[in-house]
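Please look over the model below, first as a whole chain and then at one of its helices. The text moves in that order.

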Amino acid sequence: MTTSSSERGVSLGMPELPAPAYPDDVRAQLEADAREVIARYPDSRSALLPLLHLVQSEEGHVTRTGMQFCADMLDLTTAEVTAVATFYTMYRRKPSGDYQVGVCTNTLCAVMGGDAIFESLQEHLGVGNGETTDDGKVTLEHIECNAACDFAPVVMVNWEFFDNQTPGSAKRLVDDLRAGRPVQPTRGARLCTFKETARILAGFPDERPGAVEESGSAGPASLVGLRLARGEAAPARVVHPRGGPHEEPRDRVHEPSPAEHLSSHDAPQDTSASDPAHPAGPTAEEGE
């Protein structure tokens, strides 16, 4: 006696239909842009990563249509394109907001407050990881290390840095994004939308007036080692244990220079110099 697939609880389903085509005018523009990108590489398949950014700039995420387009332009199979598009987290696989807000929850950012920031934003926005607010403005996700440990905890919006964050400053940041108020990253040009960012990542110039000039570089804390190597920095200050002969007054508070906080959305840093309630001191030996 044999049983059918339906009797066994197995649903074979219908084969997936081919990806819908881009409208003719969109396809023509994408082809022109794609040929410009492909011409930069001696091997056409090396252009796959920027082409995925290109199709992401069109629809806000990488669709089946976009992957088919990349396959057609590079003479690849859709399986080859899909393998790359699903490997890299910078490619979105579903519709997302105008602003991708990523909270670093890797080790250092997490212990410095990244986990608390992420939890507070989930509650404040009413969304979970990878979800988008109802107004389509903000997609929230936790992200891995963004090589900004010296400014932990860090939040990124469309891959631009917002340093030294707290739950309060992060909530003000997303509120400003949703309200359409101007937002200036700590290091970099003023924000643009996720689609505009994707086009820049595809290798096309940022055509906004003054945006290139606004772009910053590494922050001061990241460049200390370089300045030391060049002999440009003053000798490091030796910090003595509390109560030692060179103890500095407790009321001496570090006043950050303008270069240390370039964004109005940066939170003030509580350090051993500025937070008398939690002063730095020598580590006690076991048993003391």
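Predicted model: local features only at pLDDT ≥ 70, side-chain atom pairs only at ≥ 80, totals over all residues.

Residues are numbered from 1 along each chain as its sequence is written, and side-chain values use heavy atoms, with hydrogens and water left out.

The chain has nine helices and five strands, where helices (H or I, at least four residues) and strands (E, at least two) are DSSP runs numbered from the N terminus. Read from the N terminus on, these elements follow the order α-α-α-α-β-α-β-β-β-β-α-α-α-α. Of the 288 residues, 35% are buried, that is, under 20% relative accessible area with a 1.4 Å probe and protein chains only. The accessible surface of the chain, from the Shrake-Rupley method with a 1.4 Å probe, comes to about 17200 Å², and 53% of this belongs to carbon and sulfur atoms. Among contacts (heavy atoms within 4.5 Å) between residues at least 6 apart in sequence, 66% join residues at least 24 apart.

Helix H2 covers residues 48-59, and at 1.5 Å a residue its 12 residues should span 16 Å, which agrees with the 17 Å between its end C-alpha atoms; the expected span is 1.5 Å times one less than the number of residues. Nine of the 12 residues of H2 are buried, so this helix is largely enclosed by the rest of the structure. Among these buried residues are Leu 48, Pro 50, His 53 and Gln 56, and their cover includes helices H1 (24-38), H3 (64-74), H4 (78-85) and H7 (194-201). After H2 comes Gly 60, whose phi is positive, near 90 degrees.

Definitions and conventions. Buried < 20%, exposed > 50% of the residue type's maximum accessible area, 1.4 Å probe, protein only.
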